[in-house]
Amino acid sequence: MNKTIRHTSVFVLLLVLALLGRATWVQAYRAEALADDQKNRRKTIAQYAQPLGNIVVAGSPVTGSKRTEGTDLEYRRTYTDGELYAAVTGYSSQAYGATQLEGIYADVLDGTDDRLKNPLDAVTRKQRKPGTVLTTIDPAVQKAAYRALGNKKGAAVAVDPVSGRILALASTPSYDPSRISGTNDGAAWQELTGDEDKPLVNRALRQPLPPGSTFKLVVAAAALEDGLYRSVDTATESPDPYTLPHTRTVLRNENASAPCENATIRTALRYSCNNVFGKMAADLGQDKVRAMAEKFGFNDAGLDVPVRAYASVYPSAMDPAQTALSGIGQFDVTATPLQMAMVSAAIANDGLLAAPHMVSEVVDSDGDALTSYEDGDTRRIVSSATAGQLRSAMVTVVEEGTGTNAAVAGAEVGGKTGTAQHGENNSKTPYAWFTSYAKDPSTGKQVAVAVMIEDSGAARSEVSGNGLAAPVAQKMMAAALK
């Protein structure tokens, strides 16, 4: 054979082998990565090629799908009572992706999760029927929360203290996810993302704010567990007014006539005495207060319910004055409504904190479980004795103190109000908080709640935990105990 022809033949053979090798590598090793690439249009087409699986509340779907026209994406997501459940479902958009439960369980809901396929489907890449997400939400409690929040900017969470099931998760202002589920919803998207009230933000899980006096429950728990005070009825050593350590700054009380000097923990919670809890935090020291806060869930950057909640923060590297301010839920202390509901839930559940979760089960099209979330996965936060004392003091707050608007007829209700400073030198409208629990002795039902009102439009003088947040909590607790 001619030498030139022979060299050319070898070269061509090498090229063929290279092409075969490349094709084999792409098909065998890169196929999954290419299929999952967000720029792969076929992935989006496959995702919306059939009706999506549903997110279910109390046996009824709150999501759906409808056929589209004029696009290669055959179905788009729809929502029943979209604004009511937006903080739970999130959105599934053909243009803007998915959030919340829609995002976490996207593969289950669009039928691409490998657990939905039998061995033959894995080979043929056939798309099976989608799965379903079953939530723990109680529609009556959810509606009570959403309606009571009304046009206020805020959030509310209700939890079953024993099981950890999240019964309600509301954030206002809300939005209808159906408005942005398609490919031509740019105007609605710009409206929502440009709204200064940030309706797309889930305030219940993802907007930690200063918790104000609701944090005094954590400080009281630390003091009782440490033995700083024997009981909630032991007099504290608390001058009124109290001067912050190593400063000339005086920490005063909202009610100047309240009996806060050397008050017991019960009285201090009843009147929300800043001097008592500021000094208590300073006496305990930041390490002991932080240890108790972290037991309740503060500083946990991995709290999944299963949606990831932003961490509530108890700060470090504080001086004694800053530690005192942290004792009244100020300085750099922040909390989400979920976190403060967890505090009340642990106190209500005899000192045990059940892991909060808003999904009970994820199932395939036949109803077989893919993932189950156990109720009552608990850890001890405080002793039974400490929890009992704190419940007793919280009941006093509702029956005789600053939380009277939370009372539910026929039920044991305990709570704590909070009004947190906002802005430099408290120049902006304060945040109103309320956290509580309720138990029905006749049925055994119980619930823990936290409500945060970021802005109600009310005058500064009208902003209080009892005036704004407690009525929302009351309606939620009443609904949960029915």
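Predicted model: local features only at pLDDT ≥ 70, side-chain atom pairs only at ≥ 80, totals over all residues.
View 1. Follow the chain from β17 to β18 and you come to a hairpin with six residues between the strands. Look out for Gly444 in that turn, where phi is positive at about 85°.

**View 2. Strand β18 and its pairing with β8.** Here we stay with β18 (residues 446-455), which is mostly covered, with nine of its ten residues buried. Strand β8 (residues 153-159) runs antiparallel to β18, and seven bridges join them.

**View 3. An open sheet of five strands.** The strand order to trace is β2-β1-β7-β13-β14, and the pairing is mixed. At the edges stand β2 (60-61) and β14 (369-372); each has a single partner strand, so one side of each is left without a neighbour in the sheet. Further in, β1 (residues 55-57) and β7 (residues 132-135) pair in the parallel sense over two bridges. Val56 can be found opposite Leu134 in β7.

**View 4. A nonpolar patch on the surface.** Val10, Phe11, Val12, Leu13, Leu14, Leu15, Val16, Leu17 and Leu20 make up this patch, and together they have about 830 Å² of accessible area.

Technical notes
Residues numbered from 1 in each chain as written. Heavy atoms only, no water. Patch = residues over 30% accessible without salt bridge, like charges linked within 9 Å, V, L, I, M, F, W, Y side chains within 5 Å. Areas by Shrake-Rupley, 256 points an atom, 1.4 Å probe, with all protein chains shown as cover. Salt bridge = Lys/Arg side-chain N within 4 Å of Asp/Glu carboxyl O. Pairing = 2+ DSSP bridges. Helix = DSSP H or I, 4+ residues; strand = E, 2+ residues; numbered from the N terminus. Buried < 20%, exposed > 50% of the residue type's maximum accessible area, 1.4 Å probe, protein only.
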